[in-house]
Amino acid sequence: MKNNICSIIFFAIVYFANTLIGFSQVLSIDDFEKKYAEMPSAQLVDVRTTGEYGGGHLPKSQNIDYRSTDFTQKIQTLDKTKPVFVYCLSGGRSSEAANIMKQNGFSQVYEMGGGYLKWTTKMKPVEGVKIVEKSNALSKEYMDKLLKDNKIVVLDFYATWCGPCIKMMPTVDKLKAEMEGKVAFEKVDSDANKALVAEYKIDEIPTFLIYKNGKLTMRAVGFQTEKGFREMIGE
């Protein structure tokens with residue numbers, strides 16, 4: 001009897017704690033879209049940087065940069081009694097942002113699993129996307145030939161608004177010039193090549209795919225040092 005009472009008290013505490021703190025739920029891209037559409041009063045928040053937001057975002061979303069020093073202050077302008085749908089590039093920042101929102105009394109927070117990258121690879125609606133030069137688009141036939149004609153190929157999936165991508169460009173350009181004739185480097189603009197992003201299963205950028213004799217031997221995500229890059233290629 002005593003154990004039953006303790007169990008009831010424990011679950012009651014957990015329930016009321018969750019009620020007070022609020023809850024968050026990670027949704028798939030399709031479920032996120034559906035759930036948001038079902039809640040007319042919901043608030044949609046993009047927690048990426050202003051540069052990322054300016055390169056394209058979900059319709060009717062507002063930008064509150066999670067990395068900004070006044071993030072906690074800015075979210076106070078939102079209505080804590082209404083649902084909040086939050087997303088970032090791939091899910092990392094939105095998860096952390098959701099935790100802060102819960103701690104600040106938001107009752108319902110929904111996270112987009114996979115973030116903006118997953119959303120765009122599924123060809124979901126976006127706005128504010130800058131016009132991409134057609135010269136940056138690569139065909140599947142071109143990619144297939146590239147992999148067939150070269151012993152070692154490095155595919156660099158990047159975006160012009162991606163900080164780590166831009167930071168790595170000098171290293172990539174240096175290695176490309178140094179290894180000319182031995183290793184083929186190809187930069188793939190993720191904004192101009194949505195079909196390739198989906199085909200190669202790119203979830204985050206920068207992503208580097210290394211092929212040897214037409215077979216994928218290495219997949220690296222995020223910023224890479226020159227030393228690490230050389231090791232991946234096999235120097």
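This report describes the fold, the cores and several individual residues of a predicted protein model.

Residues are numbered from 1 along each chain as its sequence is written, and side-chain values use heavy atoms, with hydrogens and water left out. Because the model is predicted, local features need pLDDT of at least 70 and side-chain atom pairs count only at pLDDT 80 or more, whereas totals for chains, interfaces and linings use all residues.

**Overall composition**

The protein has ten helices and nine strands; helices (H or I, at least four residues) and strands (E, at least two) are DSSP runs, numbered from the N terminus. Of its 235 residues, 43% count as buried. Buried denotes under 20% relative accessible area, exposed over 50%, and partly exposed in between, with a 1.4 Å probe and protein chains only. The accessible surface comes to about 13,000 Å², and 55% of this surface belongs to carbon and sulfur atoms; the areas come from the Shrake-Rupley method with a 1.4 Å probe. Among the contacts in the protein with a separation of 6 or more, 71% are between residues 24 or more positions apart, a contact being heavy atoms within 4.5 Å.

Strand β2 covers residues 43–46 and is covered on both faces. Gln-43 and Val-45 lie on one side, Leu-44 and Asp-46 on the other, and all are buried. In a regular strand the side chains alternate between the two faces of the sheet.

Two strands pair if DSSP finds at least two bridges between them. β2 pairs with β4 (residues 84–87) in the parallel sense over four bridges, and Leu-44 has Phe-85 as its bridge partner in β4. β2 also runs parallel to β3 (residues 62–63), to which two bridges join it; here Val-45 stands opposite Gln-62.

**Helix α5**

Helix α5 spans residues 92–103, twelve in number, and reaches 17 Å from its first C-alpha to its last. This is close to the 16 Å expected at 1.5 Å a residue, where the expected span is 1.5 Å times one less than the number of residues. Its buried residues are Arg-93, Ser-94, Ala-97, Ala-98, Ile-100, Met-101 and Lys-102. Just after the helix, Gly-105 takes a positive phi of about 95 degrees.

**Nonpolar cores**

A nonpolar core is a set of buried Ala, Val, Leu, Ile, Met, Phe, Trp, Tyr and Cys residues joined through side-chain atoms within 4.5 Å. The largest has 23 residues, and Leu-155, Phe-157, Tyr-200 and Ile-205 have the most contacts inside it. At least two residues of this core come from each of α7 (140–149), β6 (152–158), β7 (184–189), α9 (194–199) and β8 (207–212). β6 gives the most, with four residues. Leaving aside neighbours within four places in sequence, Phe-157 is in contact with Val-188, Leu-196, Val-197, Tyr-200, Ile-202, Ile-205, Pro-206, Thr-207 and Leu-209. A second, separate core of 16 residues includes Val-86, Ala-97, Met-101 and Phe-106. In soluble globular proteins, nonpolar side chains tend to be buried together.

**Charged residues in buried positions**

Arg-48 is placed in the loop between β2 and α3 (50–54) and is buried, with a relative accessible area of 0%. Not counting residues up to four places away in sequence, Arg-48 touches Tyr-53, Gly-56, His-57, Asn-63, Asp-65, Tyr-87, Cys-88, Leu-89, Arg-93 and Tyr-116.

Glu-52, in helix α3, counts as buried at 6% relative accessibility. With neighbours within four places in sequence left aside, Glu-52 is in contact with Leu-89, Arg-93 and Trp-161.

The table lists polar contacts of these two residues. A polar contact is a pair of N or O atoms within 3.5 Å; within protein, one must be able to donate a hydrogen and the other to accept it, and residues adjacent in sequence count only if both atoms are side-chain atoms.

| Side chain | Partner | Distance |
|---|---|---|
| Arg-48 | Asp-46 side chain | 2.7 Å |
| Glu-52 | Arg-93 side chain | 2.8 Å |

**Lysines with positive phi**

Lys-60, in the loop between α3 and β3, has a phi near 70 degrees, a positive value in a residue other than glycine. Lys-60 is exposed, with a relative accessible area of 74%. Lys-201, in the loop between α9 and β8, has a positive phi near 55 degrees and is likewise a residue other than glycine. At 60% relative accessibility, Lys-201 counts as exposed.
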